[in-house]
Amino acid sequence: GPVVAMVWEGKSVVKYGRTMIGATNPLASSPGTIRGDYGIDTGRNIIHGSDSVESAQREIALWFKAEELADYTPSTAAWVPFGVVIGGAKVRDKIGVLQALVSSADVLLIGGRMAFTFLAAEGVACGRTQIEEDWLEACRVMRESAAARGVKLLLPRDIVVARSLDDDCGCCTVPLTVSCCTPEAPCVPNGCYGLDIGPETAAAFTEAIQGCKTVFWNGPMGRFEVPGFAAGTHAVARAMGQATAAGSTTIVGGGDSVSAINEMQPPPAISYISTGGGASLQLIQGQLLPGIRALAQAVAAAAAAAAGATAAS
């Protein structure tokens with residue numbers, strides 16, 4: 001029968017290609033692999049795949065001339081790197097979307113009060129800042145998953161602290177490192193709250209945002225309603241505007257983030273804005289929203305009706 005030779009290119013393509021092909025002995029291949037479903041024995045196992053990049057280079061040269069290799073740019077290339085900025089108060093409200101984003105985002109920036117649960121999971125003393133004790137292990141797992149996948153996950157390096165949630169009098173910026181956090185000298189002083197990201201973190205987040213082709217932002221970086229705790233949120237908003245001006249697609253979802261943008265003069269330009277924060281998170285998590293489901297059903301019904309009318313005629 002015919003033999004089809006092809007060249008695959010991509011991240012870890014040898015590993016994933018051989019996983020799809022299956023073990024050399026079809027009897028040892030998992031169901032769903034090519035050899036597992038269609039192979040008979042080792043001598044008739046249907047398909048061959050290179051076991052290393054070096055082997056692939058030798059084997060490609062046997063089958064193809066250089067001018068016969070066709071390359072293409074994936075349609076998604078214009079949208080990556082894909083960055084997500086997540087802030088706000090509670091991890092439990094956004095744990096599902098964070099777990100999904102670790103598998104899809106290239107850059108993940110975490111600020112707001114929810115960042116402190118991640119920091120606490122790393123051993124940072126967080127003062128009076130509320131953390132979600134029951135999500136500490138989940139945060140550790142997400143950091144490990146992000147590192148394994150190569151996701152650039154950034155947490156605050158420094159924060160603005162104060163003794164009152166509603167008064168910025170006496171607030172100051174402190175660095176955050178696990179090594180400096182001891183019971184005698186915690187990163188966030190006893191009796192204080194972490195209420196905004198610091199200037200070093202804001203600069204790191206800005207640089208990361210400007211390196212992305214698509215950026216989604218949900219949730220402020222701190223208690224921005226108090227002037228002394230608004231700088232981090234405004235820095236992210238400015239970075240989003242700069243990314244928009246540079247040609248990136250920027251999306252903001254959530255009433256608090258939109259409010260922070262609108263209070264700036266002039267407000268930074270954003271590609272798309274939605275006050276539906278929860279709905280935006282559901283959508284980016286891959287859930288089908290009721291309105292979109294209704295539209296999809298209406299389109300499907302119209303297509304079925306048109307097909308029926310054509311068949312009848």
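How are α5 and α6 oriented to each other? In this predicted model, select helix α5 (residues 114–121) together with helix α6 (residues 136–149), and you will see that their axes come within 8 Å and cross at roughly 80°. Because angles from 65 to 115 degrees count as roughly perpendicular, α5 and α6 are roughly perpendicular to each other. To see what makes the contact, show the side of α5 with Thr117, Phe118, Ala120 and Ala121, and, from α6, Leu136, Cys139, Arg140, Met142 and Arg143.

Select β5, β4 and β6, which form an open sheet of 3 strands in the order β5-β4-β6, with antiparallel pairing. The edges are taken by β5 (172–175) and β6 (193–197), each with a single partner strand, so one side of each is left without a neighbour in the sheet. From one strand to the next, the twist averages 45°. Strand β4 (residues 158–162) pairs with β5 over 4 bridges, and if you pick Asp158, its bridge partner in β5 is Pro175.

Finally, select Ser280, whose place is in helix α10 (residues 277–284). Ser280 is buried, with a relative accessible area of 12%, and a polar atom of its side chain lies 2.6 Å from the backbone oxygen of Gly276. Leaving aside residues up to four places away in sequence, Ser280 touches Phe216, Gly253 and Ser274.

Methods. Residues numbered from 1 in each chain as written. Predicted model: local features only at pLDDT ≥ 70, side-chain atom pairs only at ≥ 80, totals over all residues. Heavy atoms only, no water. Axes fitted to C-alpha atoms, helices over the stretch in contact; angles between N-to-C directions. Helix = DSSP H or I, 4+ residues; strand = E, 2+ residues; numbered from the N terminus. Parallel < 35°, antiparallel > 145°, perpendicular 65-115°, else oblique. Contact = heavy atoms within 4.5 Å. Buried < 20%, exposed > 50% of the residue type's maximum accessible area, 1.4 Å probe, protein only. Polar contact = N/O pair within 3.5 Å; in protein donor to acceptor, adjacent residues only side chain to side chain. Pairing = 2+ DSSP bridges.
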